[in-house]
Amino acid sequence: MNILFTIQHQINKLPKAEKKLAEWILEQPESVIHMSAKALSQASETSPATVVRLCYSLGLEGFTDLKLKLSANQPAIKGNLYTDIVPNEDIDTIKQKLLLKMTDGLEKNREKLEVESIEQVINLLETTDFMFTYGIGASGIVADDFAQKFLRIGKKVIYSKDYHLLTTAIVTNEMPAWLFLVSNSGEKQEVINLALLAKEQGIPVVCMTSKAHSTLATIADVLLHTADGGEARLRSSATNSLLVQLYSVDVLFSAYATKHYDKTLGQLEQTKTTVQIIEQND
């Protein structure tokens with residue numbers, strides 16, 4: 001757990017006094033390591049009680065836990081690696097910053113992704129061969145990855161970027177099926193509409209989102225809760241959110257494959273061989 005990323009991510013959700021303290025910690029994290037709670041409260045012009053409350057708000061056990069986690073992050077602090085990309089930054093620093101943030105996101109995602117939810121999806125995979133999947137933008141890449149993985153082991157998956165086409169497929173479907181939706185925010189209207197439509201058709205809905213209390217999560221039968229990517233201001237796409245979602249699909253696929261190891265391995269070999277033969281004939 002990189003506590004500095006956690007503070008950055010939660011800072012705008014904190015009460016006024018805790019936010020003021022959090023901002024001070026982000027500005028001088030190394031100083032906090034050598035302070036008492038009283039000294040920190042005085043330096044930040046807050047109170048010792050605010051120090052304790054902030055630690056609990058961040059999911060820590062107390063002030064000592066905060067100092068321990070800051071100590072563990074000292075190399076990143078000294079290299080100023082927890083900040084966003086700044087003008088004219090050298091490439092090596094950019095590489096280190098991005099790796100640090102991605103690693104933190106994946107670790108947090110490992111903690112959030114619940115075993116019970118994965119098992120519920122595996123049960124759907126074992127009892128229903130037909131699936132629909134959809135996502136918008138970067139989430140669409142994840143839906144496509146899901147489709148490709150499970151198509152290779154014999155599942156029937158319909159993925160389309162065309163919202164209207166997928167709507168038509170769901171309405172006219174007569175086979176037992178379920179719907180896998182990906183949305184980091186859980187509030188994309190097209191995705192919500194598909195979830196509601198599936199429920200009307202008696203089709204179970206599985207959603208992957210970082211917002212456990214979002215509209216989509218409320219509608220879904222199964223929630224695959226992922227970590228919020230904590231995206232930087234300078235980004236070409238939802239990079240961290242995309243990575244944690246792809247990781248989650250890999251966990252899902254691997255969890256299913258390990259229960260059906262021989263069959264899955266045989267299907268993967270078969271599809272790989274067939275593709276190679278087709279490519280040779282082109």
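**Reading the sheet and its surroundings**

Modeller: Strand 3 is mostly covered, with 6 of its 6 residues buried. Buried here means under 20% relative accessible area, exposed over 50%, and partly exposed in between (1.4 Å probe, protein chains only). Helices (H or I, at least four residues) and strands (E, at least two) are DSSP runs, numbered from the N terminus. This is a predicted model, in which local features need pLDDT of at least 70 and side-chain atom pairs count only at pLDDT 80 or more, while totals for chains, interfaces and linings use all residues. Residues are numbered from 1 along each chain as its sequence is written, and side-chain values use heavy atoms, with hydrogens and water left out.

Colleague: Which residues of strand 3 lie on one side and which on the other?

Modeller: Ala177, Leu179 and Leu181 are on one side, and Trp178, Phe180 and Val182 on the other; all are buried.

Colleague: How should I read the pairing of the strands?

Modeller: Strands of a sheet pair through backbone hydrogen bonds, either parallel or antiparallel. Two strands count as paired if DSSP finds at least two bridges between them. Here an open sheet of 5 strands has the order 2-1-3-4-5, with parallel pairing. Strand 2 (156–159) and strand 5 (222–225) are at the edges with a single partner strand each, so one side of each has no neighbour in the sheet. On average, neighbouring strands are turned by 20 degrees against each other, direction ignored. Axes are lines fitted to C-alpha atoms, for helices over the stretch in contact, and angles run from 0 to 180 degrees between N-to-C directions.

Colleague: How many bridges join strand 3 to strand 4, and how many pair strand 1 with strand 3?

Modeller: Strand 3 (residues 177–182) and strand 4 (residues 205–209) run parallel and are joined by 4 bridges; Val182 stands opposite Met208 in strand 4. Strand 1 pairs with strand 3 in the parallel sense over 6 bridges, and Thr133 has Phe180 as its bridge partner in strand 3.

Colleague: Why is strand 4 described as largely enclosed?

Modeller: The reason is that 5 of the 5 residues of strand 4 are buried. Val205, Cys207 and Thr209 point one way, Val206 and Met208 the other. Helix 9 (residues 115–127) lies across strand 1 (130–135), strand 3, strand 4 and strand 5, at about 130 degrees to strand 5.

Colleague: What is the angle between helix 14 and helix 15?

Modeller: Helix 14 (residues 239–259) packs against helix 15 at about 115 degrees, with the axes 5 Å apart. The two helices are therefore roughly perpendicular (under 35 degrees is roughly parallel, over 145 roughly antiparallel, 65 to 115 roughly perpendicular, the rest oblique). Contact means heavy atoms within 4.5 Å. Phe253, Tyr256, Ala257, Thr258 and Lys259 in helix 14 meet Tyr261, Thr264 and Leu268 in helix 15.

Colleague: Is Gln267 buried or exposed?

Modeller: Gln267, in helix 15 (residues 261–281), counts as buried because its relative accessibility is 18%. Leaving aside neighbours within four places in sequence, Gln267 is in contact with Arg152, Ile153 and Gly154.
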